[in-house]
Amino acid sequence: MRVLLIGANGYLGRFVADRLLADPAVQLTALGRGDDADVRFDLATGSPGALTRFLDAVHPGVVVNCAGATRGGARELTRHNTVAVATVCEALRRSACHARLVQIGCSSEYGPSQPGSSTAEDAVPRPGGPYGVSKLAATELVLGSGLDAVVLRVFSPAGPGTPAGSPLGRLAEAMRRAMQSGDGELRLGGLGAQRDFVDVRDVARAVHAASLSAAQGVINIGSGRAVRLRDAAATLARVAGYGGALHELDTPPGALRPGIGHPRAEAVGHRAEALGLHRAESSGHHRPDPLGHRGDAEHATPVAFPYPDGCGSWQQADVRTARDRLGWRPRINLEESLADIWMEAACRI
């Protein structure tokens, strides 16, 4: 089976490539914007006709699309997450290869959900930000394309290679800095959010299974269990051997705290910034202040939320469809994922 993998150099794509290469029955071709791709092609600017000619030449049986953007403004997210997928769908429709499409979606397409609930694939999507909107639009394009296609809605990926700018990546970096400087306490904010973490290697297994299956439509890929970020922080501290105290900066809704540059915030600024506590704009999105306060040294601002995914305080996947249609279950627990995240963070000295 020849598989064309788009986005092989991304966070998920690297592990998907490793998983596919481990299958002796798979012949893998990587398409992307980097110099190390087998074929250089930019989905956001390339034409469907050019991609069609390449598909007809390579004749893959499966196309896996792991490409996309997680940061940037609405225009950039739309170009890389929606227009790019439209190009893939149109090229596959024109091509004579009749390849199956495995599209990587995300849980941000669902938006906020009720605490305590598990989100199934038939839930009405209500994305809470431009990233989720751009990914949902891509999913709708795939589902309406008439292609043999499946969309894997991946919840919160974790494990080796976790980007330093992600919530777990920032958490590990803040802990590394605290240990390096000998700080006996670590002040963290936004730890009340609960997310469904799934190891990136388990995601790669799901992609492999979806490539071999006949399943169509949307399939959730998650652990099926929401974990509070403060519990993940405690586990990471245990894995790292950090014996200091973890203090939360979270405040009740509507409560205020000093903003950046405020004298009372300077003492913890460098650690808090590592977790995105003071600068929500670092995610690529400016988060409006619902109370209308300015964010300068003279005015207090609300605590910034370290999860700019538009999904509120809770997300948990219903993963029964993945089990029933792909024969897939997560194998790697969060502690192992966090241990790998910490191993990489500890090496950044």
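Me: Which side chain makes a polar contact with the side chain of Arg153?

Reply: This is a predicted model, where local features need pLDDT of at least 70, side-chain atom pairs count only at pLDDT 80 or more, and totals for chains, interfaces and linings use all residues. Numbering runs from 1 along each chain as its sequence is written, and side-chain values use heavy atoms, with hydrogens and water left out. A polar contact is a pair of N or O atoms within 3.5 Å; within protein, one must be able to donate a hydrogen and the other to accept it, and residues adjacent in sequence count only if both atoms are side-chain atoms. At 3.3 Å, the partner of Arg153 is Tyr110.

Me: Is Arg153 buried or exposed?

Reply: Arg153 is in strand S6, residues 149-154. Strands (E, at least two residues) and helices (H or I, at least four) are DSSP runs, numbered from the N terminus. Buried is under 20% relative accessible area, exposed over 50%, partly exposed in between (1.4 Å probe, protein chains only). Arg153 has 3% relative accessibility, so it counts as buried.

Me: And how much of the protein chain counts as buried?

Reply: The chain's secondary structure comes to 10 helices and 12 strands. Of its 349 residues, the buried share is 53%.

Me: Is H5 parallel or oblique to H7?

Reply: Helix H5 (residues 167-181) packs on helix H7 (residues 229-240) at about 45°, axes 11 Å apart. Axes are lines fitted to C-alpha atoms, for helices over the stretch in contact, with angles from 0 to 180 degrees between N-to-C directions. Under 35 degrees counts as roughly parallel, over 145 as roughly antiparallel, 65 to 115 as roughly perpendicular, and the rest as oblique. So H5 relative to H7 is oblique.

Me: How many charged residues does the contact of H1 with H6 have?

Reply: Helix H1 (residues 11-21) and helix H6 (residues 200-212) pack at about 60°, axes 8 Å apart. H1 brings Tyr11, Leu12, Phe15, Val16, Arg19 and Leu20, while H6 brings Val200, Arg201, Val203, Ala204, Arg205, Val207 and His208. Next to 9 nonpolar residues and 1 polar one, the charged residues come to 3.

How values were computed: Contact = heavy atoms within 4.5 Å. Nonpolar A, V, L, I, M, F, W, Y, C, P; charged D, E, K, R; others polar.
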